[in-house]
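Look at the structure below before reading on.

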Amino acid sequence: MNRWVERIGAGRPRFGMWLASGSGYVAEICAGSGIDWVLLDQEHAPNDVRTTLEQLQALAGYPDVDVLVRPPSADPVVIKRLLDIGAQNIIVPMIDDPGEARATVAATRYPPAGIRGVGSALARASRWNRISDYLATADASVSLTVQVETVAALDRLGDIADVDGVDAVFIGPADLAASMGRLGEPEHPEVVGTIESALATIVAHGKSAGVNAFNETIARRYVAAGASFVLVGADVALLARGAEQLVDRYRKAP
């Protein structure tokens with residue numbers, strides 16, 4: 001079994017950190033904190049294949065930290081490249097229906113189960129064919145998490161969760177809030193209540209549920225509602241707020 005899938009199904013919630021700086025140096029600093037998992041983001045951060053590779057290499061020295069990689073979309077070509085450079089846990093944004101979820105599963109699987117292109121001789125994932133059974137075992141080593149981020153997707157949430165090959169479903173509060181007419185209000189009580197119900201639905205359908213919440217009180221509410229993995233901070237946000245607090249402290253000093 002994929003290690004990440006096993007860990008998020010083990011009963012203890014896993015707390016994670018968003019890595020949006022695009023820096024292997026920063027990624028290694030964050031991994032050394034003891035965080036359970038990190039998300040390398042290509043959707044909203046200045047990451048490309050090379051910066052993602054650099055971070056995967058830096059994080060390889062921290063086996064207790066699970067690494068999820070988010071492509072900017074469900075594009076199978078982008079997903080193929082991430083898998084080839086060694087990403088094992090893919091999280092795909094903006095999945096609105098079961099058909100899109102099935103297509104994303106196919107992008108992570110070799111034929112005949114999917115459509116992933118075969119290039120293992122050139123791939124870090126297979127250690128350039130030094131892993132002799134890579135093609136036979138690759139599908140089982142990959143995990144797929146799909147993100148549900150709209151009201152339309154919530155209407156199909158159970159069917160999305162039931163798609164074979166989807167290991168987990170992650171709720172995106174910011175986009176969901178916008179879809180609910182609450183742009184910029186992911187902590188609005190209506191949004192939080194909707195997410196709690198969605199998390200319970202995902203778990204009821206036998207899949208692991210995830211979400212992000214930088215407010216500790218809300219994060220713990222989501223864990224109580226069934227979330228087994230939660231993003232609770234981001235490298236760039238920690239740097240921004242820490243820098244502001246430092247400046248504020250000295251400006252107020254006598």
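Pro-76 is partly exposed, because its relative accessible area is 38%, where buried means under 20%, exposed over 50% and partly exposed in between (1.4 Å probe, protein chains only). This is a predicted model, in which local features need pLDDT of at least 70 and side-chain atom pairs count only at pLDDT 80 or more, while totals for chains, interfaces and linings use all residues. Residues are numbered from 1 along each chain as its sequence is written, and side-chain values use heavy atoms, with hydrogens and water left out.

Pro-76 belongs to helix α4 (residues 76-84). Helices (H or I, at least four residues) and strands (E, at least two) are DSSP runs, numbered from the N terminus. Leaving aside residues up to four places away in sequence, Pro-76 touches Ala-107 and Ile-115; a contact means heavy atoms within 4.5 Å. Between Pro-76 and Ala-101 there are 12 Å in space, C-alpha to C-alpha, and the two are 25 residues apart in sequence.

**Aromatic rings**

A pair of aromatic rings is described by the distance of the centres and the angle of the planes. Here, rings of Phe, Tyr and Trp (its six-membered ring) pair if their centres lie within 6.5 Å; planes under 30 degrees apart count as stacked, over 60 as edge-to-face and the rest as tilted. The whole structure holds six aromatic pairs. One of them joins Trp-4 and Phe-229, an edge-to-face pair with 5.4 Å centre to centre and 80 degrees between the planes. This pair links distant parts of the chain, with Trp-4 in helix α1 (residues 3-8) and Phe-229 in strand β8 (residues 227-234), 225 residues apart. Trp-4 and Phe-229 are both buried.

Trp-37 and Phe-229 also form an edge-to-face pair, because their ring centres are 5.7 Å apart and their planes stand at 70 degrees. Trp-37 lies in strand β2 (residues 37-41) and is 192 residues apart from Phe-229, so this pair too links distant parts of the chain. Trp-37 is buried, since its relative accessible area is 0%. Ring pairs link Trp-4, Trp-37, Phe-170 and Phe-229 into a cluster.

**Pockets**

Rolling a probe the size of a water molecule over the atoms shows where empty space is left. On a 1 Å grid over the protein atoms alone, a pocket is an open set of points where a 1.4 Å probe fits, with protein on both sides within 12 Å along at least five of seven lines; lining residues have an atom within 4 Å of a point. Grid points are joined across faces, edges and corners, and a volume is the space filled by probe spheres set on the points.

| Pocket | Volume | Lining by class |
|---|---|---|
| Largest | about 490 Å³ | 15 nonpolar, five polar, five charged |

Ala, Val, Leu, Ile, Met, Phe, Trp, Tyr, Cys and Pro count as nonpolar, Asp, Glu, Lys and Arg as charged, and the others, Gly among them, as polar.

The largest share of the lining of the largest pocket, three residues, is given by α6. In the second largest pocket, the largest share, three residues, is given by α9.
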